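Student: I would like a close look at a single part of this model. Please pick one pairing to start from and follow it wherever it leads.

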Amino acid sequence: MADVDVRLVDVTKRFGDQVAVDGITLDVTDGEFFTLLGPSGCGKTTTLRMIGGFEQPSSGTIELQGRDVTNLPPYERDVNTVFQSYALFPHLSIFENVAFGLRRKHVKGDEVKQRVGEALELVQLVGYEARKPGQLSGGQAQRVALARALVNRPAVLLLDEPLGALDLKLRKQMGIELKRIQREVGITFVYVTHDQEEAMTMSDRIAVMNKGRYEQLAGPETLYERPATRFVAGFVGASNLLEGRVGSDGDMWTVTLPSGAVVRAPKSLGDIGSAGAIGVRPEKLALLEPGQESRGNRLDGVVVDTSYLGVITQYVVEGDGGLRLLVSEQNVDRTTRSDTWRPGERVALTWKPDHGFVVGDSAKA
Amino acid sequence: MRVVQRVANFLASHLLAVYAAVALLYLLAPIAAVTLFSFNDPVGRSNYAWSSFTFDNWLSLFRDPTLVQAVGTSLRIALISTTIATILGTLMALALVRYQFRLRKSIDLFIFLPLATPEIVLGASLLTLFVTLRIPLGDLTLILAHVMFNVSYVVVTLKARLAGFDMRLEEAAADLGANPLQTFWRITFPLILPGIAAGALLAFGLSLDDFVITRFNAGQTQTFPVYVYLKVQKGIPPQVNAFATLFFFATVTLVAAAALLQRRRANLSK
Ligand SMILES: Nc1ncnc2c1ncn2[C@@H]1O[C@H](COP(=O)(O)OP(=O)(O)OP(=O)(O)O)[C@@H](O)[C@H]1O
Ligand SMILES: [Mg+2]
């Protein structure tokens, strides 16, 4: 139903011999909060700059609302960008900064005034019109950059780590604000970040990028519950990957660990290929006394480290065969430090097979 | 003994101030002398010995038509060559900082040559060139010569300014729908204007002041420095001091105004 706002078809960008973006194909739908997430240097900014028109793809096409814009300059594309460094014009007042795009479109004076007013209201900066960018705090400058882009009512708003320069607290606050504004104005957001928490809290869908391509494109929940590759499992949240000999047993994948223990995961979770692995998130693991009865997957080991983190306690358990597993347990039954498992204690780890996930062969690199 | 001690103490604690005062005195003394002697009523033809105070030289500033004409020529040449050099130099600096192209490094070097070559060599070479090309010496050759060395000063001054220019501002302007021309006039130009002004000011001063290159290529045209030079033998009229004083204070006023403007801009964009 929803229209496609941004479409990349096999887009590649090379800088000399270096491939910055390697054949990306994706659709962003109308009104979506879409995020490109990945580590430094994976090609997020380059992808965004190609959508904005600041960089020409080496090959492939870019469409905005069904129109091929691959060869159009930035000023002829109906997108606006919030730059990581904000790039506010230092010699213009906040009002003129925000009005800049409207003036280029020859919007009439009264309407400029009204729309700039509305935009500043949206980012809660009414009363700052006459100031210069040099007289703003980082958070305020960020909001002006947002207002300056939004005031043009673009089809798509591109944001390159807009919260990167802010401190943690302000970043969280502005993140919530951004999401609110996005819902309010209903513009498609293409958002770039390397912060997985930021991506998870704000996005409708996330493309997790690695080395110029994305390894998985899905909603936050799927990314967390069903990461498709080792890279995604490691980049989005913490996880334990159980590597070993891959096999099949009815509707279950099996992995035989070096210790001889066998863990299982339903085939419905995905294709394990010939060299995949079964994974499980730390909070899905339960710790038991060694003798206790358990169902599903089970591994034995020794607690080697515990850290009490308030809401949870985090354990590092060394399984038989030297495998290290991260376990987090909510501090509900155990409310004091003396109740928690202690280093050196033998424990059993258990989890239901369908609480795990399966990563395939791809992107072993 | 105690006095010596006290003087030594004073010097030790005010060393920087004393040093600065001495340096300033050294720099300003000649100018002060020029200014002072513009109020002298010289005995005989040479204006080197103080005799008595008078406003006559200032009141008869325009008495010698040759002098007035020389000043006019100097200002005209300076104005025209500065304008041309500033436009050319700005465009060159933009190209050199912005774009990668073949021979960029060599051009960078060529820009420095006029600054490093002795003026007398430049003046003589230019004369050879003009004579070979059969260009009659006069206003035209003077302007060409002045533009040549002024371009270098403008480029060097402006390149420093442009190196610190945030290119993302231009991308932001393009992003907001400004075409390259609009981006230049609304964003780039206002932001590099202080650099352009500094370059132009420098060029104007150098053009006004130039003697060696001018002397070679002026033909019959007489500029202010050439006039002064030709008068040395017969005695420099005190009106020259008055004009020199005028130039000096006009320049100081201009520079001060430019500095104030810069400071205001810097304050705003902090
Ligand atoms: N103009 C350029 N010239 C040469 N190489 C470039 C250029 N721009 C980017 N690259 C290279 O392309 C790769 C991808 O860069 P990009 O800026 O897209 O990464 P990113 O994912 O945004 O990283 P970060 O999170 O650090 O901003 C990097 O290896 C980078 O060195
Ligand atoms: Mg980046």
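Tutor: Let's start with A:Arg324, which is exposed at a relative accessible area of 53%. Exposed here stands for over 50%, buried for under 20% and partly exposed for what lies in between, with a 1.4 Å probe and protein chains only. The side chain of A:Arg324 pairs with that of A:Glu318 in a salt bridge, 3.2 Å from N to O. A salt bridge needs a side-chain nitrogen of Lys or Arg within 4 Å of a carboxyl oxygen of Asp or Glu. Elsewhere, A:Arg49, A:Glu55 and B:Glu171 are joined into one network by salt bridges that share partners.

A word on conventions: this is a predicted model, where local features need pLDDT of at least 70 and side-chain atom pairs count only at pLDDT 80 or more, while totals for chains, interfaces and linings use all residues. Residues are numbered from 1 along each chain as its sequence is written, chains are lettered from A and ligands numbered from 1 in the order in which they are written, and side-chain values use heavy atoms, leaving out hydrogens and water.

Over all chains, the whole structure holds 22 salt bridges. One of them joins two chains, because B:Glu171 lies in helix H8 of chain B and A:Arg49 in helix H1 (residues 44–52) of chain A. Helices (H or I, at least four residues) and strands (E, at least two) are DSSP runs, numbered from the N terminus. In this pair the closest N and O atoms are 2.8 Å apart, and B:Glu171 is buried, with a relative accessible area of 18%. For a pairing inside one chain, look at A:Arg171 and A:Asp195, whose side chains meet in a salt bridge of 3.6 Å, N to O. A:Arg171 sits in helix H5 (residues 168–185) of chain A and A:Asp195 in the loop between strand S8 (188–193) and helix H6 (196–202), so this pair ties together parts 24 residues apart in sequence. A:Arg171 is partly exposed, at 22% relative accessibility.

Back to the boundary between the chains. Chain B and chain A bury about 2,000 Å² between them, with 64% of it on carbon and sulfur atoms; buried area is the accessible area (1.4 Å probe) that two parts lose on being put together, summed over both. Chain B brings 20 residues to the contact and chain A brings 23, contact meaning heavy atoms within 4.5 Å. The salt bridge count between chain B and chain A is one. Five residue pairs, both members at pLDDT 80 or more, are in polar contact between the chains. A polar contact is a pair of N or O atoms within 3.5 Å; within protein, one must be able to donate a hydrogen and the other to accept it, and residues adjacent in sequence count only if both atoms are side-chain atoms. On the side of chain B that touches chain A, helix H8 (167–175) and helix H9 (180–209) of chain B each supply at least two residues. H8(B) gives the largest share of that side, seven residues. That side of chain B divides into 11 nonpolar, four polar and five charged residues. Nonpolar covers Ala, Val, Leu, Ile, Met, Phe, Trp, Tyr, Cys and Pro, charged covers Asp, Glu, Lys and Arg, and the others, Gly among them, are polar.

Also in helix H8 of chain B is B:Ala172, which is buried at 1% relative accessibility. Setting aside neighbours within four places in sequence, B:Ala172 is in contact with A:Phe83, A:Ala87, A:Phe89 and A:Arg148.

A:Arg148 leads us to a helix pair in chain A: A:Ile94, A:Asn97 and A:Val98 in H2(A) meet A:Val144, A:Ala147 and A:Arg148 in H4(A). The residues of this contact are four nonpolar, one polar and one charged. Nine of the 11 residues of H2(A) are buried, so H2(A) is largely enclosed by the rest of the structure. The buried residues of H2(A) pack against helix H3 (109–122) and H4 of chain A, together with H8 and H9 of chain B.
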